[in-house]
Protein chains: 2
Amino acid sequence: VEFKIIDDFFKPYSSHRADVLLGIGDDCALVKPPRDQLLAISTDTLVEGVHFLHGTSAHSIGHKALAVSLSDLAAMGAEPAWVLLSLSLPHIDEDWLNQFRQGFFQLASEYNLPLIGGNTCQGSLSIATHIIGVVPPSKAITRSGAQPGDGIYITGYLGEAGLALLALQHKIPLSSAPLAQAQKRLDYPDPRIAVGLALRGIASAAIDISDGLAADLSHILEQSQVGASIPLANLPISPLMQSIPVEKAHELILSAGDDYELCFTVPAKLEPELKQVLKCPYHCIGVIDDIPGLRILDADAKPLSLQKKGYEHF
Amino acid sequence: VEFKIIDDFFKPYSSHRADVLLGIGDDCALVKPPRDQLLAISTDTLVEGVHFLHGTSAHSIGHKALAVSLSDLAAMGAEPAWVLLSLSLPHIDEDWLNQFRQGFFQLASEYNLPLIGGNTCQGSLSIATHIIGVVPPSKAITRSGAQPGDGIYITGYLGEAGLALLALQHKIPLSSAPLAQAQKRLDYPDPRIAVGLALRGIASAAIDISDGLAADLSHILEQSQVGASIPLANLPISPLMQSIPVEKAHELILSAGDDYELCFTVPAKLEPELKQVLKCPYHCIGVIDDIPGLRILDADAKPLSLQKKGYEHF
């Protein structure tokens, strides 16, 4: 199968790594896996009109397509190793491809991540990235390790990407400076690879927040067979989010997704270590208990009914 | 990111392998790579209207999506290990998904190949498969190892998938029995994994024929910096292809593709070993020389001009 565009437009810009014996241009890439590590493997697809708005810059699409894949590795505590790219394009537009490539490789180069393969086909605009990372066997962080008593944490602040989306869709008013700030969160999510690596041996479970805190934390709870009660008041509201009504801010934090922060759990005895290793802002939002399910509590400690737990594909 | 359809429709049907520590349902799959082997990695996409006709059965699409990926492993001499699947679907159709799944897993089970991840999104119908195989470092067969004097071989017979496509498009008349036979080649290509494994240590170069013999052999010649002259008379014509004019048969063999046979080269001294290990029909069609490029020779040994070297995406 032909790799023409990948060959011509992408191959010359890829990083090199000693463990890549054969990169783009043969029937397969050949790589040498490290000894005594597991491979963490994930695939993600961004579709125009579903995962990004029509008219989004090609540069940001290139960044984001890779960022969402890196975010999956971050949530496992894995270190990025190799990536492949499948592009579906309505037509060949060299300017678009150049911009896309720059966005993609700017992020890839931060991790010295080589593009080792891919393909292109004609169709509606979508970008699939296939990423492989490595993690020592005892250090991989899954969704299923949370235990009652573990603290529940999130990195950074949530809801800003969702705020940008609403503002761009004219569903919420936002002046240009905060819009630009929010849009940076939407278009250029920063995958929490360093956090994932720092959480090795500390976090009992983790997930990246792509679909909203409620939906993604629920995955941890279900797969760990535990539960949690989260008071609304525990949700950190960023300075940017303080410009909108607090109810709207809570809704976006709980269900907008697309921020690609991490939600993770840590046994109480490891909290001192967490403080030492984590260099980014983070917040404890609750504690795992043994009552199945997620309960979001209002100011009177009454559970809210969540109509929309997060963005669900289909 | 959500794996709902992959979880619900696919996960219960996947094979199990001891080296899969975590399959579908977390941020990444976790697998244990074998020691002292390389990973062969490839991604392929099938798009409705480009790689298969509108109206093609979901069962055959499921088969073919995996077959084209397996064919890439075959061409490297790699053994299938793990596969991921990205589905873009215009809408959710349980019947379609059931048929697709049966076609996919019927082939996957032949190789005890587990589906370890994937995703689904809404969009025009396309299927991307991401496959990983394993091969000992000294045994991987690339496109770049052909040397002058090596024999050029193809497995089986070419052109039958292209014949089916023309007949289904009413561009060529074909009665129902031969059409059914040809359509089996188009819809259910049989990846040459066993041949790829048998060619380890014997073939100096290999490629799978997805785009037509002329285009794919040309890749070997370019990447090996060698050439070849192939007399038309050397191209094997299957019984099925004998029902159409010989010129049309040659055209299909050279440029139709989609048969997923292998084209490979073997040093003269290893030809006896080739005979011993290869259990399928195969033909020697020429010899590698040091004059760059591919020349197809007519009955008078004059080079033909090839208008269309094969199917090129875009």
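**Entry 1: a strand pair in chain B**

I began with S88(B) and found it standing opposite S126(B) in β6(B). This is a predicted model, and I read everything below with that in mind. Next I looked up the pairing around these two serines. Strand β4 of chain B, residues 79-89, runs antiparallel to strand β6 of chain B, residues 126-135, and nine bridges join them.

**Entry 2: the sheet they belong to**

I then traced the strand order and got β1(A)-β2(A)-β3(B)-β6(B)-β4(B)-β5(B), an open sheet of six strands with mixed pairing. Which strands stand at the edges? I noted β1 (20-22) of chain A and β5 (115-122) of chain B; each has a single partner strand, so one side of each is left without a neighbour in the sheet. Neighbouring strands here are turned by 20 degrees against each other on average, with direction ignored.

**Entry 3: helices on the sheet**

I moved on to helix α2 of chain B, residues 58-76, which packs on the sheet. From chain A it touches β1 and β2 (29-31), and from chain B it touches β3 (38-47), β4 and β6. The direction of α2(B) makes about 30 degrees with that of β6(B). Helix α3 of chain B, residues 94-110, lies across β4, β5 and β6 of chain B and runs at about 165 degrees to β4(B).

**Entry 4: helix against helix**

How do α2(B) and α3(B) meet, in a left-handed or a right-handed crossing? I have the crossing down as right-handed, with the axes coming within 6 Å and crossing at roughly 35 degrees. Among the contact residues I listed I61(B), L66(B) and L70(B) from α2(B), and W96(B), F100(B) and L107(B) from α3(B). The contact of α2(B) with α3(B) divides into ten nonpolar residues, seven polar and no charged.

**Entry 5: over to chain A**

I checked strand β8 of chain A, residues 205-208, for its side chains. A205(A) and I207(A) point one way, A206(A) and D208(A) the other way, and all are buried. β8(A) pairs with strand β10 of chain A, residues 262-266, in the antiparallel sense over four bridges. Within that pair, I207(A) stands opposite C263(A).

**Entry 6: helix α8 of chain A**

My last stop was helix α8 of chain A, residues 246-255, where the buried residues include H250(A), L252(A) and I253(A). What covers the buried residues of α8(A)? I noted α4 (160-168), α7 (213-224) and β12 (293-297) of chain A among the elements that do. After α8(A) comes G257(A), with a positive phi near 70 degrees.

Notes
Residues are numbered from 1 along each chain as its sequence is written. Chains are lettered from A and ligands numbered from 1 in the order in which they are written. This is a predicted model: local features need pLDDT of at least 70, side-chain atom pairs count only at pLDDT 80 or more; totals for chains, interfaces and linings use all residues. Side-chain values use heavy atoms; hydrogens and water are left out. Two strands pair if DSSP finds at least two bridges between them. Axes are lines fitted to C-alpha atoms, for helices over the stretch in contact, and angles run from 0 to 180 degrees between N-to-C directions. Contact means heavy atoms within 4.5 Å. Buried means under 20% relative accessible area, exposed over 50%, partly exposed in between (1.4 Å probe, protein chains only). A crossing is left-handed if the near helix is turned anticlockwise from the far one by less than a right angle, and right-handed if clockwise. Ala, Val, Leu, Ile, Met, Phe, Trp, Tyr, Cys and Pro count as nonpolar, Asp, Glu, Lys and Arg as charged, and the others, Gly among them, as polar.
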